[in-house]
Amino acid sequence: TEKEWFLGIIDAIYFFYGGHGEEDKTSPHHKLSCGYAIKDLNGDGTEELILLDGNYNVFAVFTEVDGAAVLLDSYNDLKKAFIDADGLIHVSERIIPGYKDRTKNDFEGFVYEIQNGELSAKVAIGIKYDANGDQETIYKIVDGASVAVDQAEWDALYAMYIVDLGSATFAEYTKKSATLVLVTV
């Protein structure tokens, strides 16, 4: 379990940091902006550990169950998250079949709340595109299965998922809304 956690977190950090590109592979400057925040996201009396960078990109969220650490999820360049003022975790996941050949990538969006040491989806939606980038299917996810929805229902679910980000990035929204105190390491 610890090995899986480690690999997921390393994957997230590698893709978020600019230091992994050709422009700056060896500079230690990016290490200074890595840190964490501790906050009870769901108000149950158990504090969560949120790993982030100095821009507030979320790498991973841990909680505690029966005195043991539990990784709720980790995030990377294809699966990004932001945390809102209510402690809900909004996740955007790009699904990439034929990645190089497509003008748009399929998308799934989730809004999770933490319940009993696990993530529980409040909203789960998706959209699929054909090879030309035209919308093919919109759906919601119920018990792990895709269920087609009409545009009005999808729009309402999407509004719950995306909240009002305005022009903010996920990281900017987390910084502004989640009231996390970043501790750098």
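Reader: What kind of model is it, and how are residues numbered?
Author: It is a predicted model, where local features need pLDDT of at least 70, side-chain atom pairs count only at pLDDT 80 or more, and totals for chains, interfaces and linings use all residues. Residues are numbered from 1 along each chain as its sequence is written, and side-chain values use heavy atoms, with hydrogens and water left out.

Reader: How many bridges join strand 8 to strand 9?
Author: Five, between residues 118–129 and residues 135–142. One pairs G126 with Y139 of strand 9. The hairpin has five residues between the strands, and G133 takes a positive phi near 90 degrees.

Reader: And how many join strand 9 to strand 10?
Author: Four, again antiparallel. Y139 stands opposite A148 in strand 10. This hairpin has two residues between its strands, and D143 in the turn has a positive phi of about 50 degrees.

Reader: Switching to cores. Which residues have the most contacts inside the largest one?
Author: I50, V61, I83, I89 and L180, in a core of 21 residues. A nonpolar core is a set of buried Ala, Val, Leu, Ile, Met, Phe, Trp, Tyr and Cys residues joined through side-chain atoms within 4.5 Å. Buried means under 20% relative accessible area, exposed over 50%, partly exposed in between (1.4 Å probe, protein chains only).

Reader: Which strand gives the largest share?
Author: Strand 7, with three residues.

Reader: What does I83 touch?
Author: Leaving out residues up to four places away in sequence, its contacts include L41, I50, V58, Y173 and L180. There is also a second, separate core of 17 residues, with L88, F107, I127 and Y161 among them.

Reader: How many aromatic pairs turn up?
Author: Seven in the whole structure. Rings of Phe, Tyr and Trp (its six-membered ring) pair if their centres lie within 6.5 Å; planes under 30 degrees apart count as stacked, over 60 as edge-to-face and the rest as tilted.

Reader: Why is the F82 and Y173 pair edge-to-face?
Author: Because the ring planes are at 75 degrees; the centres are 5.1 Å apart. F82 lies in strand 5 and Y173 in helix 3, so the pair ties together parts 91 residues apart in sequence. F82 is buried at 0% relative accessible area, and Y173 is buried at 10%.

Reader: Is Y158 buried, exposed or partly exposed, and which residues share its ring cluster?
Author: Y158 is partly exposed, with a relative accessible area of 31%. Ring pairs link F107, W154, Y158 and Y161 into a cluster.

Reader: Back to helix 3. Which residues are buried there?
Author: F170, A171, Y173, T174 and S177. They cover an arc of only 165 degrees around the axis, which puts them on the same side of helix 3. The arc is that of the directions from the helix axis to the C-beta atoms.

Reader: What do they pack against, and what is on the face turned away?
Author: The buried residues pack against strand 3, strand 5, strand 6 and helix 2. The face turned away carries the exposed residues K175 and K176. Helix 3 is followed by T179, with a positive phi near 50 degrees.

Definitions and conventions
Pairing = 2+ DSSP bridges. Contact = heavy atoms within 4.5 Å.
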